[in-house]
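Subject: Handover of a structure

Dear colleague,

I am passing a structure on to you with this message. Please open it and keep it beside you while you read my notes.

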Amino acid sequence: YARFDGVAGTYVSTPDSAANSVTGSMTIEVDADHSWSTNDSLAGKWDGPTNQRSWFLDLASTKLRLNISSNGVSYGSPLSLTLPFSSGRHTVKAEFDAAAETVTYYADGVQLGSAVAAGRSSIFNSSADVSIGAINTGTGGMVDGIIYSAKLYNGIGASKVLVNNFYPQPYLQGDTNFTSVTGELWTLQGN
């Protein structure tokens with residue numbers, strides 16, 4: 001797992017690639033342990049200051065929010081229902097259905113209400129890295145807690161294909177980078 005301290009500049013990232021530049025339907029799933037009533041950014045492909053915004057999954061005071069941009073500048077941020085927990089280890093997931101222009105949220109495998117309107121039918125192909133534990137190259141939404149894994153899939157449902165797999169085991173404490181089972185190099189930034 002990776003432990004984050006909520007300090008700016010501390011996150012894990014893998015470079016932009018053709019595989020992680022999902023522009024249609026996508027699924028992001030995160031296994032984490034921390035306070036779920038914060039405003040932390042769990043995972044994203046997002047650099048706001050340079051208008052290289054694709055998507056990011058964050059918390060909005062006990063709700064999940066998948067922020068999606070189709071042009072790199074403006075974005076929609078549909079919210080889930082309130083999470084059924086406020087602390088501890090849990091797995092959360094967001095599915096963006098590009099054709100239906102909706103996002104469906106899950107907590108520990110249970111759907112949180114109905115799909116919500118996303119107001120977008122595609123995701124901008126940004127040059128931003130995929131980041132875990134913060135966005136905007138470590139300056140926004142810093143996580144204070146543990147992230148065990150984060151998985152990015154191209155597609156939704158049974159047809160989804162795993163394209164990024166942040167799962168930092170069996171790596172040792174003090175390692176600054178590792179290569180995942182899906183082939184991407186992940187690098188620890190900061191502490």
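Predicted model: local features only at pLDDT ≥ 70, side-chain atom pairs only at ≥ 80, totals over all residues.

Residues are numbered from 1 along each chain as its sequence is written, and side-chain values use heavy atoms, with hydrogens and water left out.

The sheet

Strands here are DSSP runs of E with at least two residues, numbered from the N terminus, and two strands pair if DSSP finds at least two bridges between them. In general, strands of a sheet pair through backbone hydrogen bonds, either parallel or antiparallel. In this model, 8 strands make up an open sheet with antiparallel pairing, and their order is β7-β6-β5-β4-β12-β2-β16-β15. At the edges are β7 (79-82) and β15 (177-179), each of which pairs on one side only. From one strand to the next, the twist averages 15°; axes are lines fitted to C-alpha atoms, and angles run from 0 to 180 degrees between N-to-C directions.

Lys-63 has Thr-82 in β7 as its bridge partner.

Strand β2

Strand β2 (residues 11-14) sends Tyr-11 and Ser-13 one way and Val-12 and Thr-14 the other way. All of these residues are buried, that is, under 20% relative accessible area with a 1.4 Å probe and protein chains only; exposed means over 50%, and partly exposed lies in between.

Which strands pair with β2? One is β16 (residues 185-189), through 3 antiparallel bridges, and there Tyr-11 stands opposite Gln-189. Another is β12, also antiparallel over 3 bridges, where Thr-14 stands opposite Val-130.

Two loop residues

Asn-51 is not a glycine, yet has a positive phi of about 55°. This residue lies in the loop between β4 (41-47) and β5 (52-59). Asn-136, likewise a residue other than glycine, has a positive phi near 55°, and its place is the loop between β12 (130-132) and β13 (144-154).

Are these two residues buried or partly exposed? Asn-51 has a relative accessible area of 34%, so it is partly exposed. Asn-136 counts as buried because its relative accessibility is 16%.

Yours sincerely

Conventions: Helix = DSSP H or I, 4+ residues; strand = E, 2+ residues; numbered from the N terminus.
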